[in-house]
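Me: I have a new structure open and would like to learn how to read its features. Could you walk me through a few of them?

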Amino acid sequence: NHVKDILKGCTGLICYNDEVALQALRHLGDEAKHVEIVSFDHSTYASLATPSFFSLSNPKENLGRTAAQKLLHMLAGSDEKPSVLPWSLEE
């Protein structure tokens with residue numbers, strides 16, 4: 001299996017989202033208990049996975065609110081600067 005060969009000897013993974021983290025766990029099989037996995041979403045997948053992995057919870061509501069406010073300001077002719085929103089770590 002090509003994916004299993006790529007992951008061989010891996011000690012840590014950062015995954016795009018929790019679904020990708022679950023796929024990685026499946027490919028790792030028994031080796032998964034030796035790999036630290038961090039993901040993004042904090043979905044139900046993260047809480048049900050065995051072994052468990054860390055999932056960063058993104059500020060979805062704040063992200064949408066901030067984007068809408070910035071868009072309205074831009075439409076009104078104001079300049080906007082980038083924003084950095086906090087993440088929280090969930091296990």
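This is a predicted model: local features need pLDDT of at least 70, side-chain atom pairs count only at pLDDT 80 or more; totals for chains, interfaces and linings use all residues.

Me: Let's begin with charged side chains. How many salt bridges does the count come to?

Reply: For a salt bridge, look for a side-chain nitrogen of Lys or Arg within 4 Å of a carboxyl oxygen of Asp or Glu. Here the count comes to one. The partners are Glu80 and Lys70, whose side chains meet at 2.9 Å, N to O. Glu80 sits in the loop between helix 4 and strand 4 (88-90) while Lys70 belongs to helix 4, so the pair ties together parts that are ten residues apart in sequence.

Me: Is Lys70 buried or exposed?

Reply: Buried means under 20% relative accessible area. Lys70 has 19%, so this lysine counts as buried.

Me: What else does the side chain of Lys70 reach?

Reply: The backbone oxygen of Lys81, at 2.5 Å. Leaving aside residues up to four places away in sequence, Lys70 touches Glu80, Lys81, Pro82 and Ser83. To find Lys70 on the model, follow helix 4, which spans residues 60-75.

Me: Now the inside. Which residues of the largest nonpolar core touch the most other members?

Reply: To read a core, follow buried nonpolar residues from one side chain to the next. The largest one in this model has 14 residues, and those touching the most other members are Leu13, Leu25, Leu28, Val35, Ile37 and Phe53. Helix 2 (residues 18-28) gives the largest share, four residues. Take Leu25 as a case: not counting residues up to four places away in sequence, Leu25 touches Ala32, Ile37, Ala49, Pro51 and Phe53.

Me: And on the outside, which residues form a nonpolar patch?

Reply: Leu71, Leu72 and Leu75 form one on the surface, with about 350 Å² of accessible area together. Leu72 has its place in helix 4. Exposed means over 50% relative accessible area, and Leu72, at 57%, therefore counts as exposed.

Me: You promised a serine. Where does Ser39 lie, and what does Ser39 touch?

Reply: Ser39 is part of strand 2 (residues 36-40). Its relative accessibility is 0%, so Ser39 counts as buried. Beyond residues up to four places away in sequence, Ser39 touches Cys15, Asn17, Asp18, Ala21, Phe53, Phe54, Ser55 and Leu56.

Definitions and conventions. Residues are numbered from 1 along each chain as its sequence is written. Side-chain values use heavy atoms; hydrogens and water are left out. Helices (H or I, at least four residues) and strands (E, at least two) are DSSP runs, numbered from the N terminus. Buried means under 20% relative accessible area, exposed over 50%, partly exposed in between (1.4 Å probe, protein chains only). A polar contact is a pair of N or O atoms within 3.5 Å; within protein, one must be able to donate a hydrogen and the other to accept it, and residues adjacent in sequence count only if both atoms are side-chain atoms. Contact means heavy atoms within 4.5 Å. A nonpolar core is a set of buried Ala, Val, Leu, Ile, Met, Phe, Trp, Tyr and Cys residues joined through side-chain atoms within 4.5 Å. Patches are made of residues with over 30% relative accessible area and no salt bridge: like charges are joined within 9 Å, nonpolar side chains (Val, Leu, Ile, Met, Phe, Trp, Tyr) within 5 Å. Accessible areas come from the Shrake-Rupley method with a 1.4 Å probe; for residues, only the protein chains shown count as cover.
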